[in-house]
Amino acid sequence: MAAGAAMELSELEPSKVVAVHLNYRSRAEERGRIPAEPSYFLKPPSSLAADGDDVVRPQGCELLCFEGEIAIVIGEPVRGVDPDAGAAAIGWVAAANDFGVYDLRWADRGSNLMAKGQDGFTPLGPRLVPASELDLADLTLTTRVNGEPVQQDSSANLLFSFGRLVADLSRFMTLERGDVILTGTPAGSRPVAPGDVIEVELEGVGRVRSQIVAAAEPLAAYGAMPKATPAARGAALGANSPRPVVLSDRARTALLEVSTATLTVQLRKRGIANTFMGGLRPTRPDERLLGYAHTLRYVALREDVRDADTAKLNAQKATIEALADGEVLVIEARDEPGAGTIGDILATRAQRRGATGIVTDGGVRDTPAVADVELPTYYRASHAAVLGLLHFPLEDNVPITCAGVLVMPGDVIVGDAEGVMVIPAALAEDVAIDAAEQELRESWILAQVEAGEAVRDVYPISPQREHEFQQWRDRRREAEGE
């Protein structure tokens with residue numbers, strides 16, 4: 001088939017499929033790091049699938065993610081070319097999907113072979129359009145899940161052009177006619193489940209459709225088995241911190257309504273006593289705080305350690321740039337209020353990154369301006385001095401102690417006007433539901449006390465009065481349309 005004519009997927013016989021890790025600026029920002037040069041992994045040609053083929057999620061896996069991508073196909077062999085010649089060597093372009101199961105990334109040691117190399121994990125096509133018919137610098141890519149757009153971006157927003165990718169790879173290997181390069185995915189990749197339909201559309205080129213199905217047979221236990229680790233769950237969800245749990249909508253609603261006092265009661269029932277971060281004040285007591293902990297540890301300043309830190313971004317700024325939607329930045333500052341640990345500029349950046357709050361057991365600079373940022377912030381005291389007076393930001397996403405409370409990365413952080421607390425991730429779902437039930441019962445109790453009753457039979461509700469509470473609750477739910 002001539003390079004100037006359209007090609008069907010059945011005609012494609014690549015010697016290799018090369019995939020780029022990060023290439024869209026939106027994805028790089030979502031991941032919290034902007035690469036200076038491209039990096040790659042290989043997928044076997046046997047991973048290719050056609051439009052309409054099912055994608056099989058292995059048994060034991062729950063983190064199968066889509067990645068809508070633009071596939072470029074080499075039209076003529078190249079070795080050691082520059083970016084202009086690399087662009088000229090592109091024969092065809094197609095829509096593609098770079099599926100992967102994050103449950104197996106732990107065993108890949110960076111290769112992505114088991115996570116992304118499985119049969120059918122690279123849907124492509126249905127037709128390959130000649131590159132000469134397209135403006136490669138302005139291709140619009142859209143991914144839909146069950147008809148809803150979840151990714152959309154343009155090749156104009158690539159960090160590394162198609163020509164540069166070809167040139168870079170050709171420094172080390174011969175790219176043969178028919179070889180496929182998957183050029184990266186935009187922000188928005190997420191896990192999908194059996195029954196979901198994913199469509200990747202490349203404007204002016206075509207659309208490739210895949211439906212997720214569950215594997216009929218379990219994986220044979222000859223090697224690594226799936227593990228939905230907190231780190232894998234966080235990465236699959238586009239977060240940059242471990243995500244041991246993902247709260248249900250019901251639990252989120254409860255945690256946005258129940259008081260921290262009620263939550264501490266529920267945790268004490270489970271044997272967890274030290275969860276409330278004492279002495280911290282909120283900048284926005286009228287707003288609720290809810291999110292997953294992304295931790296940052298400050299140590300005492302030592303000038304030689306500070307001066308030896310040659311990173312482009314220190315740990316504080318790097319952590320801000322790594323925050324993801326729904327995360328709370330929790331800072332250990334050793335309960336030292338004698339310097340600011342964050343100010344309005346970085347608080348604003350955290351808010352723009354999608355963070356839902358900031359908690360520090362140290363000082364805050366520019367406190368009035370931080371209070372104007374639509375981001376609940378809890379802090380020990382106001383202090384105008386910069387953190388470099390006392391603190392050195394050392395590392396993020398490690399266990400920390402904030403205001404005397406242990407915080408693990410991915411724990412659930414809840415704040416109200418009274419203060420802020422941590423809920424161990426593994427307990428958060430059950431604690432939320434039981435706390436909502438507790439507050440419902442206390443609403444009935446308060447109504448009885450306000451009506452003049454003594455607390456003897458209603459606080460707690462005695463067995464003899466339980467039926468009254470149940471009837472009240474049923475009427476309330478009926479009135480609310482539940």
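Buried means under 20% relative accessible area, exposed over 50%, and partly exposed in between, with a 1.4 Å probe and protein chains only. Helices (H or I, at least four residues) and strands (E, at least two) are DSSP runs, numbered from the N terminus. This is a predicted model: local features need pLDDT of at least 70, side-chain atom pairs count only at pLDDT 80 or more, and totals for chains, interfaces and linings use all residues. Residues are numbered from 1 along each chain as its sequence is written, and side-chain values use heavy atoms, leaving out hydrogens and water.

**Stop 1: strand 7**

Select residues 68-74. Here 7 of the 7 residues are buried, so strand 7 is largely enclosed by the rest of the structure. Colour G68, I70, I72 and I74, which point one way. Then colour E69, A71 and V73, which point the other way. In a regular strand the side chains alternate between the two faces of the sheet.

Two strands pair if DSSP finds at least two bridges between them. Strand 8 (residues 90-97) runs antiparallel to strand 7 over 7 bridges. Strand 13 (residues 180-182) is also antiparallel to strand 7, over 3 bridges. Centre on V73: W92 stands opposite in strand 8, and V180 is its bridge partner in strand 13.

**Stop 2: the cores**

A nonpolar core is a set of buried Ala, Val, Leu, Ile, Met, Phe, Trp, Tyr and Cys residues joined through side-chain atoms within 4.5 Å. The largest has 31 residues, and V93 and I181 touch the most other members. Helix 4 (162-170) is among the elements giving two or more residues. Helix 4 gives the most, with 4 residues.

Pick I181. Leaving aside neighbours within four places in sequence, its contacts (heavy atoms within 4.5 Å) include V18, I70, V166 and L169. A second, separate core of 20 residues includes Y298, I320, L329 and A347.

**Stop 3: rings**

Rings of Phe, Tyr and Trp (its six-membered ring) pair if their centres lie within 6.5 Å; planes under 30 degrees apart count as stacked, over 60 as edge-to-face, and the rest as tilted. The whole structure holds 2 aromatic pairs. Select W444 and F469: the pair is edge-to-face, 6.3 Å centre to centre, with 70° between the planes. W444 lies in helix 12 (residues 428-450) and F469 in helix 13 (residues 466-479), 25 residues apart. W444 counts as buried at 2% relative accessibility, and F469 is buried at 0%.

**Stop 4: charges over rings**

A charge sits over a ring if NZ of Lys or CZ of Arg is within 6 Å of the ring centre and within 35 degrees of the ring normal. Select K227, which lies over the face of W106, 4.0 Å from the ring centre. Finish at R243, whose charged end sits over the ring of Y292, 4.0 Å from its centre.
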